[in-house]
Amino acid sequence: MWYLPREPRRDVSGLSKDTNLTDSDKPTPLQSRASGPLTGKVRVPGDKSISHRALILGALAVGETRISGLLEGEDVLNTAKSMQALGARVERTGDFAWKVNGVGVAGFAEPRAALDFGNSGTGCRLVMGAVAGCPVSAVFDGDASLRSRPMRRILDPLEKMGAKVVSGGEGGRLPLTVQGARDPLPITYKTPVASAQIKSAVLLAGLAAPGTTTVIETEASRDHTELMLKHFGADITSAQEGQHGRRITLVGQPELHGATVVVPADPSSAAFPVVAALIVEGSDVVLSDVMTNPLRTGLFTTLREMGASIEESEIRGDAGEPMAQLRVRASKLRGVEVPPERAPSMIDEYLVLAVAASFAEGTTIMRGLQELRVKESDRLEATADMLRVNGVKVEVSGDDLIVEGRGHVPGGGTVATHMDHRIAMSALVMGCASDQPVTVDDTAFIATSFPDFIPMMRSLGAEFS
Ligand SMILES: O=C(O)C1=C[C@@H](OP(=O)(O)O)[C@@H](O)[C@H](O)C1
Ligand SMILES: C=C(OP(=O)(O)O)C(=O)O
């Protein structure tokens, strides 16, 4: 029927005490060494955020949704499985082509088994919102990394809307059971941190509530849920709130209709070949169909400020999401200061930005990174460790990351990936241009977001062995 994600891996990095590993749990290390110029044209996989949302909204719509370009990474496949378990019909019809027959708003059936989201915060938290508006109860679970991540930030607003947490781990950690509301209440909710996952969970629960549900954010986070809800027929508006914020208003109980969704290439995945091309001398790489929604392009803005040559062409859009072809040429980079208000538009890209900063001349200061501490790993500490073991001078000061770029990176270190795909890929990018090879202890988690990362980078000329 479709590629099934492998069983959730147990931890190999110390998050859990379980050391009784089977063969499929064994870490798969990889070494990256300096290569000649990277060249060629590639399309990185479909955007992960949009892929999750297309499956969830397809499942909540009446009729058929056709998705092309879906990311077939483990995170998204786990969301597909959960939509199937909640009563939608989800089918793979070709390469990256999927069909969803939905159950309608509030129409989920009670799943027979626990919903397992593996490594995926987005899948878990968005589906929690969707379930909270339906009169069913569901168990939410995930791997050791996801079990360590905070869920209270999602449960707080969902409880205000009438959902109940029937059982759960300490501090709202997984596994936990959510009993959805029979008569969900619309709320006005100000998100305590800039988080598209919190905003989306409230909006998805609000679909089932009468009246209007409002989310206020003081820093705008990615708006894919809003754009896609509109595309599926919801009455939703978004207005400026303060200097950097948004007020989003959704009219509840719409009839969502099945839609066609074309998923553009993921800028968070494009970030890896982009930085690799910038740091490997003589490189010239083209990336097609990269989504350029301004709430996702903080990395490209920052890299350009550092002196990067990134040219956009073939600019177009689909379902409200702009995209472009990017041509990236090796560039001399200089250190910059990245303001905290830019964080939401590049929250997943700081790891690979830190790699670019290591190859730059001068100091790069990245401010306001507290949210990095609650991702797949504590990315603030893990990024600093990744640089440190490879001879880069780096400091974590409060919630800021300060990298002393010296134009080259000694390398020679082994990087602990901590069940975090973006650490693995960032470290492998670093090795593409470091003086000595860089080793990562486990590449398995790359499959959550970018299953073809290794062959795609090799096709551009990267030396991974
Ligand atoms: O909504 C989304 O698709 C995402 C939101 C972000 O998380 P937060 O909402 O926790 O900031 C981001 O880090 C994650 O990779 C994807
Ligand atoms: C933070 C990420 O994802 P999630 O929150 O969905 O696990 C990510 O992909 O970098």
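Let me start in a strand. Glu314 sits in β16, which covers residues 309-318; strands here are DSSP runs of E with at least two residues, helices are runs of H or I with at least four, and both are numbered from the N terminus. Glu314 is not a glycine, yet its phi is positive, at about 45°.

Some housekeeping. This is a predicted model, in which local features need pLDDT of at least 70 and side-chain atom pairs count only at pLDDT 80 or more, while totals for chains, interfaces and linings use all residues. Residues are numbered from 1 along each chain as its sequence is written, chains are lettered from A and ligands numbered from 1 in the order in which they are written, and side-chain values use heavy atoms, with hydrogens and water left out.

You will find Ala106 in the loop between β5 (97-101) and β6 (115-116). The cut-offs are under 20% relative accessible area for buried, over 50% for exposed, and partly exposed in between, using a 1.4 Å probe and protein chains only.

One more backbone point. The peptide bond from Leu174 to Pro175 is cis, with omega near -5°. Pro175 belongs to the loop between β8 (164-168) and β9 (176-179).

Now ligand 1. The residues around ligand 1 are Ser49, Arg53, Thr122, Ala194, Ser195, Ala196, Gln197, Arg222, Ile347, Asp348 and Lys375, where a residue is included if one of its heavy atoms lies within 4 Å of the ligand. Several make polar contacts, meaning a pair of N or O atoms within 3.5 Å; within protein, one atom must be able to donate a hydrogen and the other to accept it, and residues adjacent in sequence count only if both atoms are side-chain atoms. A polar side-chain atom of Ser49 is 2.7 Å from an oxygen atom of ligand 1. For the side chain of Asp348, the distance from an N or O atom to an oxygen atom of ligand 1 is 2.6 Å, and for the side chain of Lys375 it is 2.7 Å. On its own, ligand 1 has 380 Å² of accessible area, and the protein covers 94% of it; these areas come from the Shrake-Rupley method with a 1.4 Å probe, and for residues only the protein chains shown count as cover. Which elements give two or more residues to the shell around ligand 1? They are α1 (48-60) and α6.

That brings us to α6. This helix, residues 196-206, is largely enclosed by the rest of the structure, because 11 of its 11 residues are buried. Among them are Gln197, Lys199 and Ser200. At the start of α6, a side-chain oxygen of Ser195 comes within 3.2 Å of the backbone nitrogen of Gln197.

Gln197 also leads us to ligand 2. A polar side-chain atom of Gln197 is 3.0 Å from an oxygen atom of ligand 2. An N or O atom in the side chain of Thr122 is 2.5 Å from an oxygen atom of this ligand, and a backbone N or O atom of Asn119 is 3.5 Å from one. Ligand 2 alone exposes 300 Å², of which the protein buries 98%. The elements giving two or more residues to its shell are α3 (121-132) and α12. There are 13 residues around ligand 2, and Lys48, Gly121, Thr122, Arg149 and Arg422 come nearest.

Arg422 takes us to α12. Here 11 of the 11 residues are buried, so α12 is mostly covered. At its start, a side-chain oxygen of Asp420 reaches to within 3.0 Å of the backbone nitrogen of Arg422. Further along α12, which spans residues 421-431, is Ser426. Ser426 counts as buried because its relative accessible area is 0%. Setting aside residues up to four places away in sequence, Ser426 touches Phe272, Leu351, Val352, Val355 and Met386, with contact meaning heavy atoms within 4.5 Å.

Last, Thr302, in helix α9 (residues 298-305). Thr302 has 0% relative accessibility, so it counts as buried. Beyond its neighbours within four places in sequence, Thr302 is in contact with Val336, Val338, Arg342, Met346 and Leu353.
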